[in-house]
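Subject: A structure for you to look at

Hi,

Here is the structure I promised to pass on. Please open it first, then read my notes below.

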Amino acid sequence: MSPSTMPRMSGMPLRNWSVRSTPMPNPTPGVGGCPAVQAPVTSLNRTAALELAGDGIRVNTIVPFALTPSVAAAFDADPALREAAVADVPMGRIGEPHNDIGRAVTFLCGPDAGYITGTVLSIDGGETQLR
């Protein structure tokens with residue numbers, strides 16, 4: 001965040017969050033760039049949370065696994081991929097963008113989460129617990 005924007009934002013009930021993909025436990029051919037950026041994104045957000053907390057700005061990261069249009073297209077192209085993905089989720093289903101992910105984000109942005117900053121919230125049905 002630019003220091004020049006801080007005076008305008010100070011005291012505002014601003015919430016900042018970012019989205020990071022689910023972690024990949026093992027090297028996977030073709031997607032090496034994905035895990036290479038996950039740790040820096042988390043580190044950047046945690047640092048921002050520390051730096052901005054005194055100004056009332058909260059920074060949190062979500063790690064969702066939901067049936068987005070791109071995930072649905074991949075599942076349509078390869079039904080076995082869907083079966084494998086669902087098998088990896090302890091809750092036995094893929095999250096719904098609105099009901100599962102959206103409601104968690106709404107919570108993080110609302111007053112009930114006013115004391116939460118620097119958190120990485122996995123919204124993935126328990127998938128990251130297996131990795």
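Two notes on reading the model: it is predicted, so local features need pLDDT of at least 70, side-chain atom pairs count only at pLDDT 80 or more, and totals for chains, interfaces and linings use all residues. Residues are numbered from 1 along each chain as its sequence is written, and side-chain values use heavy atoms, with hydrogens and water left out.

The mean pLDDT (the predictor's confidence in each residue, from 0 to 100) is 81, and 73% of the residues reach 70 or more. Confidence is lowest in helix 1 (residues 6–9), with a mean of 53, and highest in helix 5 (residues 97–109), at 93. Where pLDDT is low, the predicted coordinates should not be read in detail.

Now for a helix pair. Helix 3 (residues 69–77) and helix 4 (residues 79–87) pack at about 120 degrees, with axes 4 Å apart. Axes are lines fitted to C-alpha atoms, for helices over the stretch in contact, and angles run from 0 to 180 degrees between N-to-C directions. Ala74, Phe75, Asp76 and Ala77 of helix 3 meet Pro79, Leu81, Arg82 and Ala85 of helix 4, contact meaning heavy atoms within 4.5 Å.

Enjoy exploring!

Methods. Helix = DSSP H or I, 4+ residues; strand = E, 2+ residues; numbered from the N terminus.
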